[in-house]
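Please look over the sequence and the model below before reading on.

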Number of protein chains: 2
Amino acid sequence: MSFGFDLLATDGAARAGLLRTAHGEVATPTFMAVGTAGTVKAMTTDAVRATGAKIVLGNTYHLMLRPTAERVARLGGLHKMMDWPGPILTDSGGFQIMSLAKLRKLDETGVTFRSHLDGSAHHLTPERSMEIQFLLDSTITMVLDECTKFPATEDEAAESMRLSARWARRSRDAFVPRDGYGQFGIVQGGVYEGLRRESVDALRAIGFEGYAIGGLAVGEGQAMMFEMLEITAPMLPADKPRYLMGVGTPDDLLGSVARGVDMFDCVMPTRAGRTARAFTSRGVFNLRNARFIDDARPLDEACGCLCCTRHTRAYLHHLIRCEEILGPMLLTMHNLTYYQSLMTGARAAIFERRYEAYCTATRAGWQES
Amino acid sequence: MSFGFDLLATDGAARAGLLRTAHGEVATPTFMAVGTAGTVKAMTTDAVRATGAKIVLGNTYHLMLRPTAERVARLGGLHKMMDWPGPILTDSGGFQIMSLAKLRKLDETGVTFRSHLDGSAHHLTPERSMEIQFLLDSTITMVLDECTKFPATEDEAAESMRLSARWARRSRDAFVPRDGYGQFGIVQGGVYEGLRRESVDALRAIGFEGYAIGGLAVGEGQAMMFEMLEITAPMLPADKPRYLMGVGTPDDLLGSVARGVDMFDCVMPTRAGRTARAFTSRGVFNLRNARFIDDARPLDEACGCLCCTRHTRAYLHHLIRCEEILGPMLLTMHNLTYYQSLMTGARAAIFERRYEAYCTATRAGWQES
């Protein structure tokens, strides 16, 4: 089957669609659980499936270092290695190099860095990033880009965006087209409308199966992020999926869907789950808090996940206090289920043209805890 | 239903039976997964069930400190709190006090100690231990005893065993009989046949629903342990279950079943799973070992667990190297499944009167890795 995206309904700028890939279909808007090193942390893949997730994300930077792309390929690719036959999107490695690696040096050819694990030297070019993602058997390959820092002057943002545009061209040339596989370009340009426009034009001239909006959620704040989405999303082709990278809180997701975004990824629900925090229909809870010690209610009465249907807040509090692994396991399960249900609810509301009311009701729920 | 034990088959001294309790039946010989603080570490209860486990063990010492017995009772008991409707055996707390607590002081009334967690002072008597286990809603309550240290002189072992016998009497008096619930006495007496006999006689005079053999696996070695089992097991009534506490390796289990033991518990399969070690039909593996880095075989080809049917040794090695929580989760799943299948195989072999051949074949497999 060919890779494709069907736009099925809109409600204002909000969109409901269907992404079709070699590894299955994904209803959008969708949240991609982050499986950094070939595992969604603290979750079996059966548990990931049970949250309603249809697509997961893998990190090129982590996987190229351990177990290495060649090793993943020998094991039959990332799908087989981690037991996730569904779609997988992989990032290009660029973002983690800038945030995690040591002695980073960027030039026209690519980026040279030392591993944060053992100090070993590596050189990542657009061509090598595409090769790695090919070896991983990634369903959706991301171009190598530079995530422009915030704040950046217009000159800095322009220079960075233009480098990313040249890398996007090289990434496209190095991408091996396969039936049902796709590649996404990444819009940069900082907080400058003209640069965002120039970036979109450059990427559309190349032509990708989807478009990511990069360089946001890097410190600019939600208001500025939403403003940039309002400017950028309408520049993108309506018939291709739009992916906002590294976002975010449930409120970020609702507001970004309202502005035309289809896909998200973020470590927030998984990381929060490992630090005792739960996202619920009644807001965010920290289960370490002593107020839960005798609370026999389910974590979220509106949730159908294993954590919420079988256990109490008091038990979760107990597990966390005792540093039992089951605590992070159950909270991660719940948080991912909550994120999925948020997107499922959004999609249904868009079809029924009541997306704004859905957001209002959902946000009101968060105030009721 | 009433608590009971049916002896269904024997092969030499090895026994196959059925334990009947208020919370369900347990085919014996059986291994009880250890759920110290109200969770089998790194496992959902669904995953515990999937290993074939029918009964789990809870630790009175841990639960009395956190979340406290009264709090467990308010949450509906341990079954409900941890989502394990099946049988639960709880120990008396005595063993962990001696191994974990600070400033332990033992006298006729019981044992005074300070919590290893916060230094708080506690006094555990036979009566309080029974009350705690009642509050936990334990299916099988253990008497409070002193686990005699090894080595101990005959005088020391005698004094210790006689204290345990007096506590067993008080424990029985404090036990609240309930339909389908039982209480086990614990045989002590060190490595002295005469003292073991005296202990058994004292316990049988009181009368319990089952008998545990305590004071073994405390440093005396497998040969001495087996010798003591050969002496002690025949002293016990044939129509009651026999439980060897805190044992052991797969080989310990096979040899102890051969000597008439029906029930076991040990942290070994769960603890090993969290330290990269796997018990398999081909022996013990340490998955941290670099020899597994490209090993695309299942951990144990003879095993039907999720870990072995979905993943490779190379992936497990990768997870462990990356310190991913899924590594301990999958290895714990496998190890518990292996222990259960070892007992299931033993039971089938006893029914077919080929238990010795089963042990020989199983031990031969361990040499083939």
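Helix 10 of chain A and helix 15 of chain A are roughly antiparallel to each other, a term for angles over 145 degrees, where under 35 counts as roughly parallel, 65 to 115 as roughly perpendicular and the rest as oblique. The axes of helix 10 (residues 250–258) and helix 15 (residues 355–366) of chain A cross at roughly 170 degrees and come within 11 Å. Axes are lines fitted to C-alpha atoms, for helices over the stretch in contact, and angles run from 0 to 180 degrees between N-to-C directions. Helices (H or I, at least four residues) and strands (E, at least two) are DSSP runs, numbered from the N terminus.

From helix 10 of chain A, the residues that meet helix 15 of chain A are Pro250(A), Asp251(A), Leu253(A), Leu254(A), Gly255(A), Val257(A) and Ala258(A). Their partners in helix 15 of chain A are Tyr355(A), Tyr358(A), Cys359(A), Thr362(A), Arg363(A) and Trp366(A). Contact means heavy atoms within 4.5 Å. By class, this contact of helix 10 with helix 15 of chain A has 9 nonpolar, 2 polar and 2 charged residues; Ala, Val, Leu, Ile, Met, Phe, Trp, Tyr, Cys and Pro count as nonpolar, Asp, Glu, Lys and Arg as charged, and the others, Gly among them, as polar.

## Basis of the description

This is a predicted model, in which local features need pLDDT of at least 70 and side-chain atom pairs count only at pLDDT 80 or more, while totals for chains, interfaces and linings use all residues. Residues are numbered from 1 along each chain as its sequence is written, chains are lettered from A and ligands numbered from 1 in the order in which they are written, and side-chain values use heavy atoms, with hydrogens and water left out.

Helix 10 of chain A is mostly covered, with 7 of its 9 residues buried (under 20% relative accessible area, with exposed over 50% and partly exposed in between, for a 1.4 Å probe and protein chains only). Among the buried residues are Asp252(A) and Ser256(A). Just after helix 10 of chain A, Gly260(A) takes a positive phi of about 100 degrees.

Gly248(A) lies in the loop between strand 13 (242–244) and helix 10 of chain A. The peptide bond from Val247(A) to Gly248(A) is cis, with omega near 0 degrees. In chain B, a cis peptide bond joins Val247(B) and Gly248(B), with omega of about 5 degrees.

By class, the contact of helix 14 with helix 15 of chain A has 8 nonpolar, 3 polar and no charged residues.

## Residues with positive phi

Most residues other than glycine have a negative phi, and most peptide bonds are trans. Asp137(A), although not a glycine, has a positive phi of about 70 degrees. Asp137(A) is found in the loop between helix 6 (126–136) and strand 10 (140–142) of chain A. Leaving aside neighbours within four places in sequence, Asp137(A) is in contact with His23(A), Gly77(A), His79(A), Arg178(A) and Tyr181(A).

Ala276(A) has a positive phi near 75 degrees. Ala276(A) is placed in the loop between helix 11 (268–274) and strand 15 (277–280) of chain A, and at 2% relative accessibility Ala276(A) counts as buried.

## Cysteines

The structure holds 0 disulfides over all chains, a disulfide being a pair of cysteine sulfur atoms within 2.5 Å. The sulfur of Cys303(A) is 3.7 Å from the closest cysteine sulfur, in Cys305(A), too far for a bond. Cys303(A) is buried, with a relative accessible area of 13%.

## Relation of the two chains

A rotation of 180 degrees with 0.0 Å of shift along its axis superposes chain A on chain B, with an RMSD of 0.0 Å. That is the relation of a two-fold axis. In chain A, the C-alpha nearest the axis belongs to Ile325(A), 4.0 Å from it. Copies are superposed by least squares on the C-alpha atoms of residues with pLDDT of at least 70 in both.
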